[in-house]
Amino acid sequence: MNAKTLSEVDPSDLAGRTVVVRADLNVPIDKGVITDDRRIEASARTLRTLVDAGAKVVLLSHLGRPKGGPDPKYSLAPVAKRLQEILGTPVRFVPHSAGEGARSAVAALAAGDVALLENTRFLPGDEGNDPALAAEWASMGDLFVNDAFGAAHRAHASTAGLAEAMKARGHQAVAGSLMALELRYLGGALDRPERPFVAILGGAKISGKIDVIDALLPRVDRLLIGGAMANTFFRALGLETGASLVEEDRVDLARATLERAGDHILLPVDCVVAGEIAAGAATRVVERTRVGATDRIGDVGPATRGVFAREIAAARTIVWNGPMGVFEVDAFAEGTLAIARAVAAACDGGAVGVVGGGDSAAAAERAGVAERLSHVSTGGGASLEFLAGAVLPGVAALTEVG
Ligand code: ADP
Ligand code: MG
């Protein structure tokens, strides 16, 4: 599947045209204040392209998880304000997600105007993929641009449904710049990686990422595993893990994975342990064979960081998802920060390094290296599903090229 992209639409075809855009403006908001505007920044390129071409832009997004009805806590009003600052062009906030109020605001648009409709999830039909709602949004314009990679793994009315409805009207549904970028980097790593190809997986659970492990194993030259996920693999090797987080019901799965993987999987050789995972805890570095009965593993140790960093330094393609430890607590952050720095250094040397996952992206920011990475995915669940080889409904519904 090769989705048509906005860059393949002639700008002269956009002038004066009403374009419906689905973006992922789902940013964290604390008491009306946006605490992280990266998703708004990331959506700006598509919107600038459309504004500069003189299109009339009808912008849709979800925000948070309102329970199928309006909730002021999840209003997009503050997002409209921030978007206007970022774009440097007026963004009109429309306090209706659809219906008469939305339609009259759309009818009043002039070339180059942007109208952000209220949170799509204020209508239960969005997550329910209601065809009537999708058709209503499709009727507002004559081109659909889906730029919401972070929402592409779910078939909702404002994503896949809207694309289908726009195509049913004889119009096109194309990928926006951000969506295209995500597909290029994540898809490129999977389909035509320059080798060596090294993947690094971490985070809390194997269960959420076993599909990613299965999909990556046959493609990568090395799979480096850290985080609590490694603990379950330790148990599969018969090692003591003390009071660490382990998924008991996945130990057999981990064992089978290790048998299949041969030397493709590298596990940590040492760990940072403590009696409790908390700020100020007294930590020790131990070999993985020396974890005590009451120890909790909170991070990968220095020897592991060295082994992993050497693999990363030799790689030409790197995909990283999941922290190596409880990086939220300083005493257990160094393994994750070391990996972030190693990936950035490899990118400086010309490797392609892609980071997926919300916590991993936050760790890359915290390490101060995010700008040096080839690509930091804006999609949490979507990038994981993509890496696991799933077809994303929001992508599959777009107009095909070639
Ligand atoms: P991402 O958001 O990048 O996909 P995950 O959500 O899968 O990452 O995992 C992140 C979480 O994993 C973090 O909250 C981190 O504290 C936790 N974690 C990592 N290593 C450990 C560990 N050894 N013990 C407990 N939790 C861990
Ligand atoms: Mg996470």
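Helices (H or I, at least four residues) and strands (E, at least two) are DSSP runs, numbered from the N terminus. The model is predicted, so to speak of local features a pLDDT of at least 70 is needed, while side-chain atom pairs count only at pLDDT 80 or more and totals for chains, interfaces and linings use all residues. Residues are numbered from 1 along each chain as its sequence is written, and side-chain values use heavy atoms, with hydrogens and water left out.

Lys 31 sits in the loop between strand E2 (29-30) and strand E3 (33-34), and its phi is near 50°, a positive value in a residue other than glycine. Further along, Arg 195 and Pro 196 are joined by a cis peptide bond, with omega about 0°. Pro 196 belongs to the loop between H7 and strand E9 (197-201). As background, most residues other than glycine have a negative phi, and most peptide bonds are trans.

Next come the sheets. Strands count as paired if DSSP finds at least two bridges between them. One open sheet has 6 strands in the order E5-E6-E4-E1-E7-E8, and the pairing is parallel. At its edges stand strand E5 (91-94) and strand E8 (172-175); each has a single partner strand, so one side of each is left without a neighbour in the sheet. Neighbouring strands here are turned by 25° against each other on average, direction ignored (axes are lines fitted to C-alpha atoms, for helices over the stretch in contact, and angles run from 0 to 180 degrees between N-to-C directions). Within this sheet, strand E4 (residues 56-60) and strand E6 (residues 114-117) pair in the parallel sense over 3 bridges, and Leu 59 has Leu 116 in E6 as its bridge partner.

Another open sheet is made of 3 strands in the order E13-E12-E14, with antiparallel pairing. Strand E13 (283-287) and strand E14 (296-300) are the edge strands, each pairing on one side only. Strand E12 (residues 270-274) pairs with E13 in the antiparallel sense over 5 bridges, and Cys 271 finds its bridge partner in Val 286 of E13.

The structure also holds 1 aromatic pair (rings of Phe, Tyr and Trp, its six-membered ring, pair if their centres lie within 6.5 Å; planes under 30 degrees apart count as stacked, over 60 as edge-to-face and the rest as tilted). The ring centres of Phe 149 and Phe 386 are 6.5 Å apart and the planes are at 70°, so the pair is edge-to-face. This pair links distant parts of the chain, 237 residues apart: Phe 149 is in the loop between strand E7 (143-146) and helix H6 (157-168), and Phe 386 is in helix H14 (residues 381-387).

Conventions. Chains are lettered from A and ligands numbered from 1 in the order in which they are written.
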